[in-house]
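Here is a short tour for a reader new to this structure. Keep the sequence and the 3D view open while reading.

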Amino acid sequence: MPTEKPPPWECYWGWVVVLARFTALFMLVGTYKCFGVLLDYYIHDLGATAAEAGGASVLFVAIIYFTGPFFGVLADMHGPNGARIWIMVGGVLASIALCLSSISTNWYQLAFFLGLAGVGYGMVQVPTVAPLLMYFTDKFGLANGLSAAGAAVGMTVLPPLTEYLIQQYSWRGATIILGVINLHTTVAGALMRPPTSCKDKKTYSLLFGTDDGEDASVYELNRYLQPLKRFLLMMKERLSLGVFLHNPRFMLYQFIFLLAGLQFAGWHVFLVPNALSQGIHPIDAAFLASIGGVGNFIGRGFNGPLLDHHIFSDSMLFVLDHIICAIALLFDPLAKEYATMAILAFWAGLTIGCSYALCVVIAKNLAEEEKYVMAAVGWTHFSMGFGALVGGPLVGMTYDKTGNYHYGFLMMGGFELLLTTLTFIELMHRRHKHPELKDKYLIM
């Protein structure tokens with residue numbers, strides 16, 4: 001029987017999916033960066049401390065990290081269209097939650113609504129990868145890199161726009177508009193149509209485990225229990241503890257990734273408030289986020305070629321990346337001029353963009369075996385999420401105690417030096433045990 005010829009739209013629709021994921025990540029990361037612009041308004045209008053407002057803001061990204069693996073499994077369970085459905089639902093939930101955050105009267109309500117928005121984007125982050133894999137079996141690296149650039153572009157565009165909207169409509173009006181803009185995520189999900197070659201071959205019996213010869217009562221029981229069993233089995237695979245037993249180094253790197261998540265959250269949320277506290281005009285302070293976004297865009301793009309051409313190992317590039325990040329953070333108290341702040345924002349953005357991509361690559365390589373890859377990536381997101389959950393309140397607490405953000409940035413720089421030292425020691429120990437690794441890379 002001849003193979004059914006795919007329709008003409010499939011020749012280009014893969015690139016529409018790339019654009020759709022670009023849009024979804026644009027909204028996700030760009031919105032998170034906007035909380036730094038809104039933070040001072042949270043503090044003054046809601047009577048919150050910097051630690052409370054920062055904690056409410058980072059709850060958004062922490063819940064995305066925590067729930068991502070769960071929604072990834074749920075999307076897989078619903079076949080080729082599963083990712084599309086969950087992304088659309090997540091976009092609507094995130095949009096509604098962000099709009100509702102505008103009516104918050106205290107930081108508890110704010111934390112609830114931003115956490116709910118995080119659940120919405122938890123339905124988006126991991127499932128957006130599945131449609132790319134369907135269309136780009138050979139060019140996934142290119143498609144992934146292009147679509148992931150949406151995060152950096154969102155960081156560049158949305159914070160200044162949010163500041164402008166605040167000036168025009170107050171922070172509450174700006175938040176409502178930002179929430180409505182986030183509905184573009186739902187449109188992006190609708191565009192993620194699977195190719196005809198990935199038609200839903202999942203039958204009723206496959207999903208529910210039915211058998212024509214089984215008793216009706218057993219059939220009804222399996223009808224409801226089988227999806228739960230399947231979900232638990234898939235979650236066991238995604239978050240298997242076997243990856244820790246398979247490679248003891250994985251435990252050390254989870255602590256390192258936790259520290260990376262801490263400074264990821266702290267820098268994103270407090271970059272703009274730090275500038276405002278030094279008397280920088282709100283528009284100029286918001287533009288620092290855009291400068292950081294440009295650096296982030298470059299950082300996300302340049303690490304791939306360095307790794308693919310074996311110029312650096314993943315761990316050595318991770319060390320160099322975080323040394324630069326530590327310098328950018330530790331020099332914060334010396335940045336008295338706007339130009340200096342802009343330079344530090346650029347380099348911090350570049351290294352943080354590079355760091356996120358490297359965390360996923362290192363986790364994949366630590367897994368060593370294909371069956372542990374998803375578990376390694378899942379646990380890495382959990383560790384970074386926990387670090388983010390700690391980082392926001394911790395940096396905010398230093399401001400509440402001292403009256404400036406310099407100590408918080410110095411603390412983040414100290415954590416950067418700690419994770420750099422741990423990674424370097426582990427790398428040198430591994431090179432000592434495996435001398436052949438020295439010849440594999442141009443620079444360690």
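L259 is found in helix α11. In this predicted model, L259 counts as buried, because its relative accessibility is 4% and the cut-off for buried is under 20%. Which residues does L259 touch, leaving aside neighbours within four places in sequence? The contacts are F415, L418 and L419. L419 lies 160 residues away from L259 along the chain. Even so, the C-alpha atoms of L259 and L419 are separated by 6.6 Å.

Helix α11 spans residues 249-277 and also holds H268. H268 is buried too, with a relative accessible area of 1%. Its contacts, not counting residues up to four places away in sequence, are Y32, K33, G36, M155 and I352.

| Residue | Relative accessible area | Contacts beyond four places in sequence |
|---|---|---|
| L259 | 4% | F415, L418, L419 |
| H268 | 1% | Y32, K33, G36, M155, I352 |

Next comes a pair of helices. Helix α13 covers residues 314-330, and helix α16 covers residues 406-433. Their axes come within 8 Å and cross at roughly 160°. Angles over 145 degrees count as roughly antiparallel, so α13 is roughly antiparallel to α16. The crossing of α13 past α16 is left-handed. What classes of residue make up the contact of α13 with α16? It has 16 nonpolar residues, six polar and two charged.

Now the whole chain. It has 444 residues, and buried residues make up 53% of them. The chain contains 16 helices and zero strands. Take the contacts between residues at least 6 apart in sequence: 83% of these join residues at least 24 apart.

How confident is the prediction? The mean pLDDT of the chain is 83. Of its residues, 83% reach 70 or more. Among the elements, helix α7 (residues 184-191) has the highest mean pLDDT, at 94. Helix α8 (residues 204-208) has the lowest, at 34. Over residues 200-219 the pLDDT is below 50. This stretch still has 27 contacts in the model beyond near neighbours in sequence. Where pLDDT is low, the predicted coordinates should not be read in detail.

Note on methods:
Residues numbered from 1 in each chain as written. Predicted model: local features only at pLDDT ≥ 70, side-chain atom pairs only at ≥ 80, totals over all residues. Heavy atoms only, no water. Axes fitted to C-alpha atoms, helices over the stretch in contact; angles between N-to-C directions. Helix = DSSP H or I, 4+ residues; strand = E, 2+ residues; numbered from the N terminus. Parallel < 35°, antiparallel > 145°, perpendicular 65-115°, else oblique. Left-handed = near helix turned anticlockwise from the far one by under 90°. Nonpolar A, V, L, I, M, F, W, Y, C, P; charged D, E, K, R; others polar. pLDDT = per-residue confidence, 0-100. Contact = heavy atoms within 4.5 Å. Buried < 20%, exposed > 50% of the residue type's maximum accessible area, 1.4 Å probe, protein only.
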